[in-house]
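I am opening my notebook on this entry, and I mean to write down what I look up in the order in which I look it up.

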Amino acid sequence: MEVIVAIRQTPLLDGEIVLTADEKSVEIEGLKYHINEWDLYALEEALRLKTEIGARITAVSVGGKATEEAMYYCIAAGVDEAVLIEEESSYQLDSSSIATLLEKFTSMRVFDLFLTGVQSEDTGCGEVGAILATKLCVPQAAVVMKIKSLNPEESIVVQRELEDGFSDVQRLSLPALLTIQTGINQPRYVSTMHLRKARNKGSIMRISPLDLSTGTGLPAPKKTMKRAFLPEVGSVKLEFIDGVTAADKAKNIVDRLYGMEVL
Amino acid sequence: MEEQHIEEMKKKVIEAVSKCRICMSCYADCPLYESTRGFVTQGPSGITRALYYGIRWDALDGKDGQDLRDILYACTTCGSCEVRCKKSACNIPLVEIIETGRKLLVEKMVGPMPKQIKVLESLDRNGNPYGEPAEERTQWLGSIDPQDTAKIKLVQGDLKTETLLFVGCTSSYERDLVNVPGSIVKIFNHMGVDYGILKDEKCCGDPALRLGEAGLFEEMAEKNTKVFEQAEIKRIVTISPHCMSSFSQDYPDLPNNITIQHYTEFFAEQMSAGNLKPQKSLKKKVTYHDPCYLGKHNDIYETPRQILTWIAGDSFVEMEHNREQALCCGGGGGRMFVEIEEIERLSEKRVQQALDVGAEIIATACPWCYSQIADGIKTSGNEGKILVKDIAELIAESL
Amino acid sequence: MTKGLILAIIEHRNNEMRDVSWEVIAAAKDFSSKFDLNMAVVLCGCDCSDLASQAAKCCSSLYCLESEQLKYYSCDRYGAALQGLIDKLQPTVIVLPHTTQGMELGASLGGRLDVPFLPDCLDLFCKNGLWIGVRELFGGKVRGEFQAALSHLVIVSIRPGRFDVVAEESVGNEIVSEKILLDSTDFLTEVLELIPPATGGIDITKFDIIIGVGRGVGDKENIGLLESLSKIMGGTLAATRPVIDMGWLPRERQVGQSGKTVKPKLYIACGISGASQHIMGMKGSMKIVAINTDPKAPIFNVADFGVIGDIFDVIPPMIEAIKVRQ
């Protein structure tokens with residue numbers, strides 16, 4: 001069974017956020033990266049299929065030099081092949097362009113299952129999986145919380161997480177695409193030694209977007225970010241409670257709540 | 001990791017465990033066996049035997065691997081078992097075997113325990129196991145007397161210092177413990193010692209090694225060794241016995257001319273030399289809890305007692321289980337970061353042992369012991385009856 | 001020149017209209033007047049005339065697409081059913097709620113029709129004929145204006161809870177029902193079951209006072225403190241998704257987009273940063289108190305009272321202060 005997992009590296013925005021000079025985007029120069037949390041669960045789910053039924057796993061990502069680290073991570077974690085569609089400006093690509101690149105790559109391959117995370121931590125559009133499945137003309141299921149059963153080469157039954165505590169169960173014919181929700185499994189720990197070995201001995205298959213016959217250069221984005229800004233926190237109704245010490249503030253808020261007869 | 005390396009580790013474990021006589025002496029002081037359901041796999045030779053068969057039967061993956069993982073990672077690595085086994089003449093390195101088992105499981109991507117994964121990630125990213133930002137490591141200096149902090153040399157870049165006070169992650173970030181490094185700084189200043197603290201101090205790496213992440217530990221040790229060499233350090237005084245133990249026993253390339261000391265050793269030296277003269281001022285009954293990494297791992301039992309007797313005189317009382325038989329607090333070996341089901345909490349048991357000898361203060365010399373015991377006092381409902389103090393705090397109070 | 005059309009796709013589940021449908025209708029009304037567009041609403045389902053009547057009370061033009069195949073939502077079936085109506089009506093904008101259904105359907109329609117999709121928008125505007133959606137990035141820390149490429153149609157999903165629901169208006173409304181011919185063999189998926197939420201256990205939605213536990217609590221053991229606060233206030237504990245995922249509290253206590261929606265008299269958010277998914281579930285609370293060390297945390301966007309501090313420093317004296325009064 002052939003499984004492809006799409007991986008995205010997202011920047012870690014831990015400290016103060018800096019916008020680019022033209023205020024069109026977030027300054028990502030100098031930021032550290034990690035693999036998008038949802039994709040880690042998708043990766044682990046794929047590796048579980050490898051252990052259980054001997055599936056062959058390909059990890060694919062669209063990115064520049066910084067994304068190599070994510071590919072080495074996937075190799076260290078145990079994928080059979082790591083593919084990097086190399087594009088330095090990948091951070092400027094929108095979901096549709098990424099989906100198009102992935103579609104071109106995938107259509108050159110035979111696959112049974114394609115896994116993505118539900119959405120990315122940075123842009124949070126949640127689109128790539130759905131657009132990709134539609135373009136590949138394969139059935140899709142979003143927000144998968146559990147793979148209930150798998151009949152390799154035939155069909156897969158999944159449970160999807162819905163709102164208000166609801167869930168549904170769907171059967172999809174293979175090949176199919178699933179977007180994976182966090183909490184579906186416990187992603188493994190990939191040790192420093194494994195990473196070192198992957199960096200030294202692992203090989204990443206590098207593809208240029210031009211190889212994917214997307215015509216002239218990159219696919220045109222369907223949306224572009226024109227302005228970035230930091231939201232003002234707070235609202236008209238917000239009142240910060242006074243107090244020198246925490247104990248003061250505690251007393252004050254309790255007094256206020258009793259005063260308003262909420263308590 | 002090279003397959004060969006894994007095979008070597010497996011072979012080492014098989015050989016070592018094969019020598020076990022299954023005499024069960026090691027169970028006598030095992031804190032895990034004491035505090036859990038009493039299954040054989042919760043004691044030292046039971047744990048190592050489980051690992052032995054896991055290797056023999058190639059059951060290190062999947063569910064079997066996870067079961068073995070749960071067994072291996074419950075150990076606090078206190079070393080009580082090794083002490084007993086040495087005495088009974090088998091001298092099997094039980095803790096080393098257990099830690100090798102952890103290394104194997106990490107390489108098999110079965111270990112560590114899920115909750116410990118973010119600890120390792122934090123060590124790598126932030127230089128501490130707590131997920132705290134690296135930039136906030138020296139913030140604790142803001143909580144102590146500015147007159148004291150003014151005398152501290154913050155070492156970074158080209159700055160050199162002969163004596164380094166290695167604060168450690170817990171003392172740096174744990175707000176409830178800020179009085180401990182604060183006291184140490186006060187004592188250093190009182191003695192007029194010329195010393196420095198690293199501006200960008202990073203974890204000694206002990207949690208990584210104890211959790212089986214040898215590769216990460218190697219990287220951390222290498223980086224720290226470089227920093228120590230660059231600053232031309234001749235003496236490192238640590239607050240935590242874990243850091244001291246790591247530097248002395250685990251660091252592969254630390255220059256021989258660097259003296260590693262736990263602060264109790266350093267202060268005892270200074271007291272003998274007459275540079276530190278605390279008053280005999282402690283009237284309350286005080287007992288001493290031997291941290292496993294100070295006592296069992298490094299044979300430092302009497303030095304802290306000398307200091308306490310100096311300060312407390314006859315008020316010092318000994319618990320029934322002391323020195324090599326001291327009951328582990330349950331914080332070592334990665335246990336600070338994960339919950340193991342206990343029938344009776346080790347920390348609460350230890351607090352009771354202190355109450356049993358009429359102690360009003362439990363003195364200790366390890367931030368994790370301090371944390372665990374403080375917790376144990378709270379959860380056993382003994383707040384107000386007894387309190388925990390670090391030896392450094394007691395010295396500082398007696399100046 | 002004919003006026004363009006905004007088409008709103010509303011959502012139902014388990015024979016009940018979902019609240020987001022009213023929000024989306026309100027948003028569509030707002031956009032239709034702002035951008036001078038006609039408005040229509042579409043509902044897909046099976047034997048859903050009741051739902052259609054409900055919806056028709058507050059919109060002037062409702063299309064009801066019916067088929068046995070549309071009994072449960074699946075992306076391919078809804079897409080196939082809507083295709084025909086979209087071809088017929090030629091809308092300028094399609095708006096849906098950003099839910100598990102909406103985000104998948106919106107993206108899929110965008111892919112199918114090769115048009116831009118602006119997901120999870122807080123606001124929408126039109127500049128020089130180009131549509132711009134305001135969206136959050138990095139969990140709400142940053143916002144961006146995303147301009148859709150020039151296109152005859154743009155699909156937009158709106159952030160639930162963002163648009164206020166407008167009261168129903170009975171406007172002599174037109175329901176156009178259409179039976180869609182769909183066969184199960186047309187599709188490669190099959191919905192086997194819709195599983196309702198587990199009953200039993202605790203229903204946090206019934207409580208007047210809820211203490212929300214966030215990642216700031218640090219560890220499972222620390223929840224005891226919040227439990228004490230909850231007990232002395234006569235309330236109950238709830239939690240954000242990460243806390244539930246880590247197993248510190250059972251799933252029935254999860255508040256948020258994929259958990260429960262609560263509207264208590266008082267919600268005290270402890271160590272909760274305020275990710276949009278959580279806020280969605282509690283912003284309807286009458287009074288919200290947020291305790292956090294970070295004054296810039298997004299939770300303060302919905303809070304009535306902000307207490308800047310560490311929950312371990314603030315909560316014990318709060319408990320004491322309440323004890324004194326009791």
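At what angle do helix α6 of chain A and helix α8 of chain C pack, and how far apart are their axes? I keep in mind that I am reading a predicted model. I find that α6 (residues 246–259) of chain A packs on α8 (residues 311–325) of chain C at about 45 degrees, the axes being 8 Å apart.

Next I turned to chain C as a whole, for which I count 8 helices and 17 strands. Its C-alpha atoms fill a box of roughly 70 × 45 × 40 Å along the principal axes. The radius of gyration of chain C is 22 Å, which agrees with the value near 20 Å that a compact globule of 326 residues would have. I record 54% of the residues in chain C as buried. Of the contacts in chain C between residues at least 6 apart in sequence, 62% join residues at least 24 apart.

Last, I checked chains A and B, where 10 residues of chain A are in contact with 13 residues of chain B. The side belonging to chain A has 3 nonpolar, 4 polar and 3 charged residues.

Note on methods. Residues are numbered from 1 along each chain as its sequence is written. Chains are lettered from A and ligands numbered from 1 in the order in which they are written. This is a predicted model: local features need pLDDT of at least 70, side-chain atom pairs count only at pLDDT 80 or more; totals for chains, interfaces and linings use all residues. Two residues are in contact if their C-beta atoms, placed from the backbone, lie within 7 Å. Ala, Val, Leu, Ile, Met, Phe, Trp, Tyr, Cys and Pro count as nonpolar, Asp, Glu, Lys and Arg as charged, and the others, Gly among them, as polar. Axes are lines fitted to C-alpha atoms, for helices over the stretch in contact, and angles run from 0 to 180 degrees between N-to-C directions. Helices (H or I, at least four residues) and strands (E, at least two) are DSSP runs, numbered from the N terminus. The radius of gyration is taken over C-alpha atoms; the globule rule is 2.2 Å times the number of residues to the power 0.38. A residue is buried if 20 or more other C-beta atoms lie within 10 Å of its own, exposed if 12 or fewer, and partly exposed in between; C-beta atoms are placed from the backbone.
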